[in-house]
Amino acid sequence: MPSLPLCLASPRLCLAGLATAFGLLSAPVAADCNGRNLFDDMPADRVAAIEAAANAVPFPTGNYWRATRGDEVITLIGTYHFDDPRHLPTLDVITPEITAAATVLVEAGPDEEKQLLDLIARDPSKIMITDGPTLIEQLPPDIWSGLSEALALRGVPGFMAAKFQPWYAIIMLAVPPCAMARMADPKGLDGLVIDTARAAGVPVRGLEPFDTVFSIFDNMTKAEMVAMLQSTLAVEDRVEDYSATLADSYFAGENRLIWEFLRFVTYEMPGYTRDQVDAEYARMEELLMNTRNRGWIPVLTEAAANGPVFAAFGALHLSGEAGVLNLLAAEGYTLTELPL
């Protein structure tokens, strides 16, 4: 399946990329990128099919929600992990809720960020191949050739790219080359929430252990990694368009549409049947989202027992049978969409 978002070759930028991989949203579209929203030229029947697939799951749309159960209140914002000027109106709306919260919960708070940076500094093998065959030896020649060319366009020379762990290379590919210069200090809505909370003296905590990302990718097989690289490289020539399409969908509050759009793209790739694609997407949804969502619920509810909670995490975690909203509903919370 196509890779969604990415990581860059420095520890600070890696944090943003890892967060984006969790959120399954696209890279930023810089001002000098010329991506076009692919829905604009899509036949109406195809758009309708993608929309129908998105709307078949619980809570397919909406970025901003409130969950209540008795006196417990959890306000939730689905985030896009990279810079975009469209975040500023959102921040204006949500700031009163952030500053009034007893606790702010995010995927990775300042403590988790420091722990992750410390781990990478101590053990570079978490993101780089430090022993054994490089990607040149691990990958089929045509895939390595395409990968090295794609990463070179992003400023990563072949000798460095060859040392990337496969998953690290995969998630880098979703950054359009045109956007690389704008990635010096990616903030995104998550970062804005954290900054606002800290300025107001509100405690910020992580929803999960700092090293969760590594256990996720450790559970992926080499064959799955190679397949993801192959399918991602197949859309490399339109990466700016994919980034623009995914970002626009987020800001329209159509988060499940992102997932189903990419599924339909994969249906058309050579060597895949629909059953194979659906099976792969089910596995990726379980691995990247559902398992984590279920782990977040007790963290959210325990915090809510001690005062109002503001929670910010990748928007795609909101929707689905095992999405955070549906899981909270199953715990007896009443869900209300809030305007942005």
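1. The model is a predicted one, in which local features need pLDDT of at least 70 and side-chain atom pairs count only at pLDDT 80 or more, while totals for chains, interfaces and linings use all residues. Residues are numbered from 1 along each chain as its sequence is written, and side-chain values use heavy atoms, with hydrogens and water left out.

2. Six strands form an open sheet: 6 strands in the order S4-S3-S5-S2-S1-S6, with mixed pairing. Helices (H or I, at least four residues) and strands (E, at least two) are DSSP runs numbered from the N terminus, and two strands pair if DSSP finds at least two bridges between them. Strands S4 (204–206) and S6 (334–337) stand at the edges with a single partner strand each, so one side of each has no neighbour in the sheet. From one strand to the next, the twist averages 25°, with axes taken as lines fitted to C-alpha atoms (for helices over the stretch in contact) and angles running from 0 to 180 degrees between N-to-C directions.

3. Within this sheet, strand S3 (residues 103–106) and strand S5 (residues 309–314) run parallel and are joined by 4 bridges. Val104 has Phe310 in S5 opposite to it.

4. A salt bridge is defined as a side-chain nitrogen of Lys or Arg within 4 Å of a carboxyl oxygen of Asp or Glu; the count by this rule is 15 salt bridges. In one of them, Asp248 pairs with Arg86, and the closest N and O atoms are 3.0 Å apart. Asp248 belongs to helix H12 (residues 239–251) and Arg86 to the loop between strand S2 (72–79) and helix H3 (87–100), so the pair ties together parts 162 residues apart in sequence. Asp248 is partly exposed, at 28% relative accessibility.

5. Glu107 and Arg292 also meet through their side chains in a salt bridge (3.1 Å, N to O). Glu107 lies in the loop between S3 and helix H4 (110–122), and Arg292 in helix H14 (residues 274–304), so this pair ties together parts 185 residues apart in sequence. Both Glu107 and Arg292 are buried.

6. Glu286 forms a salt bridge with Arg294, with 2.1 Å between the closest N and O atoms. Glu286 is partly exposed at 31%, and Arg294 is partly exposed at 39%. Salt bridges with shared partners also join Arg256, Glu260, Arg263, Asp278 and Glu285 into one network.

Methods. Buried means under 20% relative accessible area, exposed over 50%, partly exposed in between (1.4 Å probe, protein chains only).
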